[in-house]
Amino acid sequence: MKTQRKWDTLATDTAERLAAAGQFIGAGKRVEAKDVVALLEAVIRPGDRVNIEGNNQKQADFLADCLLKVDKGKIHDLHMVQSAVPLPAHLDLFEQGIAKKLDFAFGGPQAGRVAKFIREGKLELGAIHTYLELFARYFLDLTPRVSLICAFEADREGNLYTGFNTEDTPVIVEATKFRQGIVIAQVNKIVDKLPRVDIPAGWIDAVVESPRPFFVEPLFTRDPALITDNQILLGMLCLKGIYAEYGVQRINHGIGFLTSAIELMLPTYGEELGLKGKACTHMILNPHPTMIPAIEEGWVDTIHCFGGELGMEKYVAARPDVFFVGPDGTLRSNRAFAQTAGHYALDMFIGGTLQIDPYGNSSTATANRVAGFGGAPNMGCDAKGRRHVSGSWLKCGQELPSMPEQIGTMPRGKRLVVQGIETFGEGREPAFVEELDAWQLAKNAKLDLPPVMIYGDDVTHIVTEEGIAYLSRCKDMDARMAAIRAVAGYTPLGLKAKADETRALRDAKIVMTPEDLGVDRDRATRDMLAAKNIRDLVTWSGGLYEPPARFRNW
Amino acid sequence: MALNTLEFECKCAAPAAAVTAPVHFGVVGSGDLEVLMTPAKAGGAVKVKVVTPVTGFDALWQRVLAAFVESAKLGDVAIEINDNNATPAVVTLRLRQALAEAAA
Amino acid sequence: MSKWSTLQDRSFLESNARERAIGIVDEGTFTEFAGPLDRRTSPHLETLGEAVEFDDGIVTGVGKIGKTPVFVISQEGRFIGGSVGEVGGAKMVATLKTAIALADRIAKEFPKAADDEKPVVAISFETGGVRLHEANAGLLAHAEVMDQFQRARGKVPVITLIGSKVGCFGGMGFVAAATDAIVMSEFGRLGLTGPEVIEQEMGKDEFDSADRALVYRTTGGRHKYVMGDCNFIVADTVGAFRAQVAELAKLPVSAFEAMRRIGSAALVEKQLKGVALAAEMQPKDARDVWKHAGNADPVALANVPLDAFKATVKRLAL
């Protein structure tokens, strides 16, 4: 005899919670700011999986502060599942016992506290993910019970406009709501009519007009005034030795100054190399202000964005042929889709790093900060599921001498994964090290694995001021290690390079110095940059770029 | 407390280049340096003087300068550097830029 | 270093002190005083174990624009923030003295010399003022420079150029204000107490130094032009600064009196009118003053290209 089982316990539970909260939710799902703490106490239960929206850009900061004010007797031991924990409130939750466990992707400014709290037992770490990996788990085993999200505007029915900074909202709401969870939104403003509906009211349970606009960090604005001659040299090497060499068209640029320098050299050095139309035509990146000159010069066909960037709203809206813009005329970013494109459809990921070990493993971890991964590993790897072909992807795969060892005579491509780094960092700390600080961090924060941003077998090229190591051309680990030593300069690792070995690598074009590549180091000056300061970028944009106050230089 | 002064000589296998007139390049900004190259008869060697607030990198300075002198095939030159914590990459870049200036 | 011809179109902001000095005068005419080869480093910095520079962060020398001898003083902001110590201060003073001596000699030996044959001094300020490591000597240098200005007055016009990253603050803000004419770019900043120090003393609510929009609209070239604190605003190229100096070099020294900010009873009266206006208006922001001067939309005016700004801006009349 089959026992009767209830199949709608989640929905029933949600209905009970919402009933308890009913007194705070008015017409149009509206909640007064003063009632939010009580609302949270009504809909959240101890041990719930809870998401507070926020990544490296926008933050549901008012709701985070409200969660911090709940009665700890009623709500405790929450399991936070969220992209990032950059706000002090995110970690205060653990300090106060409201939260207990964390699954996340990016630590940001709180990275030091994350490590400390793990060590002190205040925070139980689930795992450090990449964005896409965490989003995937929202639909498997980490679905939030309650999500606290943010949007620019809501209308009188509770529809949301997330617009320029849509970012993670769709993926959080979809996972939460369609597993009968509860979604609460903070909005900057409640209006009669939205520019467009990004999230339908039916997926939202409560909307509060926040006393202050949500916090957004202009994380992707790099001031051209701070770019150094050495970054320009590295950028020249990349453009000539990689962008031109492989004809790379579909690219993600990281957040660092090296890629900003490259962006600002497309209209100068890139133009001189004849790369326009042949490189950087399709990009996955946020609306970097430093992309403006290249866009204006007609380099770029398409840009899809993870998120927005403060000050770029009008510029992006005025370039709908390039950006993904809604019928209302404003950008729609979407981190999940941009990361998917970044994982499957890029030909190259290029970014900076802090440390590289003798095998080519590359890490930004320091001994006492759990910084997390964000999105880099998804783009800084070869997508094994990729089946479509592009020229640079195929060329890189064909170079790989180890391919026959794995799949015999079968041809296959490989993504270019480029790590640019000066051999010594600040305070003359060597960037090439025998052991990554990630090992020490794993010990200090009791992690199962050293958190490695890009694994050695994914890295195809390392670029330093000494030249480029074409790891994609190395037949085995010994050759890779020799190529890495050859570009490691005067670091202890670099000093182990043998002159005859380096000579042979150069002859085989596995290592190329600036001279081998025909890159004139004497030209590596700031005169190479199409824009040298923020005002130049404004001028390039025809006044459409409106930089945040902290970046102005006039 | 006082500034650290390093003086040494480098000699490349086959000196072929020299500077004909004094040349100055660079600004002692943070992480940067200035270099002064002057003609100096030294039997084909290059005399180097580095003045820097940082200690503990003597061997590194010698290696970077020796490699520069070797690659530029430089001889009979005095190189004076005022440093403010430049990395080897910056040192090499500025030395080359100074030499390019001398040739211009 | 860029060649003279490329320097003319080059950003003044991007250039270093020596490039500015060379580019501000005619091609090939610049002779440096106490240059790097003289190795006049600061003995104080050496004692303290701080990095030194062969020119102590100040480039001095003389060149020509047309027939005019132009004595140049150019501060280097990247070396300890352009701070003025004993050696650099002495170089400034000696350069001023040399210019005055030349003017005296010309007056004596060539009484019929034309206006454009008489020397001028151009000072490119990029400094936060006194170098704290050698504060007494640095302060003394400020006083000595001021003293030379008094001696130069009516003989040798002293022209200030400000278009650098550091701007001109601290004691050197007073020094610049005491010169005859001030030329700025929109990237230049001029003030007494620097933004960080104001924040430190008065609090972030009073003045947030990270709010660079606020910093520039309080101390930047456009604001100083509206206020009359600078006489001319030019594009950010070495050539544009040079062209302005060339224009001024043709003028008789008497023409500079009208450009001054301080130094006569009438000018004191004018400054006091400014103080009275501030007391009456109680402005909360530089924008209030821009409006008072007749600029209806200060936000837009701060953002338009420089040419449009110059064409439409209304300057404060006192």
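I first wrote down a cut-off: a residue counts as buried when its relative accessible area is under 20%, and as exposed when that area is over 50%. I also noted that this is a predicted model.

**Entry 1: a pair in chain B**

I began with Asp32(B). Is Asp32(B) buried or exposed? Its relative accessible area is 9%, so Asp32(B) is buried. Next I looked for its partner. Asp32(B) forms a salt bridge with Arg94(B), and their closest N and O atoms are 2.9 Å apart. I then located the two ends. Asp32(B) sits in strand S3 (residues 32–39) of chain B, while Arg94(B) sits in helix H2 (residues 88–103) of chain B, so the pair ties together parts 62 residues apart in sequence. Arg94(B) is buried too, because its relative accessible area is 10%.

**Entry 2: a pair in chain C**

I turned to Glu126(C). Its salt bridge is with Arg20(C), with 2.8 Å between the closest N and O atoms. This pair links distant parts of the chain, 106 residues apart. Glu126(C) is in the loop between strand S4 (120–124) and helix H5 (135–152) of chain C, and Arg20(C) is in helix H2 (residues 17–24) of chain C. Glu126(C) has 4% relative accessibility, so it counts as buried. Arg20(C) has 2% and also counts as buried.

**Entry 3: chain A pairs and the total**

I found a network in chain A. Salt bridges with shared partners join Asp92(A), Glu95(A), Arg113(A), Lys116(A), Glu120(A) and Lys122(A). I also found a pair inside one helix. Asp13(A) and Arg17(A) meet in a salt bridge of 3.0 Å, N to O. Both lie in helix H1 (residues 9–21) of chain A, four residues apart, which is about one turn of the helix. Arg17(A) is buried, with a relative accessible area of 3%. How many salt bridges are there over all chains? My search of the whole structure gave 69.

**Entry 4: helix H9 of chain A**

I followed H9(A), residues 257–272, from end to end. This helix has 16 residues and reaches 21 Å from its first C-alpha to its last, close to the expected 22 Å. Where is the kink in H9(A)? I placed it at Met265(A), shortly before the proline Pro267(A), with an angle of about 70°. H9(A) is mostly covered, with twelve of its 16 residues buried. Among them are Leu258(A), Met265(A) and Pro267(A). The cover includes helix H8 (229–246), strand S12 (250–253) and helix H20 (534–540) of chain A. After H9(A) comes Gly274(A), with a positive phi near 70°.

**Entry 5: buried and exposed**

Ile462(A) lies in strand S19 (residues 461–464) of chain A. Its relative accessible area is 0%, so Ile462(A) is buried. Beyond its neighbours in sequence, its contacts include Ile356(A), Phe432(A) and Val487(A). Its C-alpha is 13 Å from that of Leu258(A), 204 residues away along the chain.

Leu272(C) is in helix H11 (residues 265–281) of chain C. With 52% relative accessibility, Leu272(C) counts as exposed. I found that Leu272(C), Val268(C) and Val275(C) make a nonpolar surface patch of about 280 Å².

Conventions: Residues are numbered from 1 along each chain as its sequence is written. Chains are lettered from A and ligands numbered from 1 in the order in which they are written. This is a predicted model: local features need pLDDT of at least 70, side-chain atom pairs count only at pLDDT 80 or more; totals for chains, interfaces and linings use all residues. Side-chain values use heavy atoms; hydrogens and water are left out. Helices (H or I, at least four residues) and strands (E, at least two) are DSSP runs, numbered from the N terminus. The expected span of a helix is 1.5 Å times one less than its number of residues. The bend at a residue is the angle between axes fitted to the seven residues ending there and the seven starting there. Buried means under 20% relative accessible area, exposed over 50%, partly exposed in between (1.4 Å probe, protein chains only). Contact means heavy atoms within 4.5 Å. Patches are made of residues with over 30% relative accessible area and no salt bridge: like charges are joined within 9 Å, nonpolar side chains (Val, Leu, Ile, Met, Phe, Trp, Tyr) within 5 Å. Accessible areas come from the Shrake-Rupley method with a 1.4 Å probe; for residues, only the protein chains shown count as cover. A salt bridge is a side-chain nitrogen of Lys or Arg within 4 Å of a carboxyl oxygen of Asp or Glu. Lists of a residue's contacts leave out its neighbours within four places in sequence.
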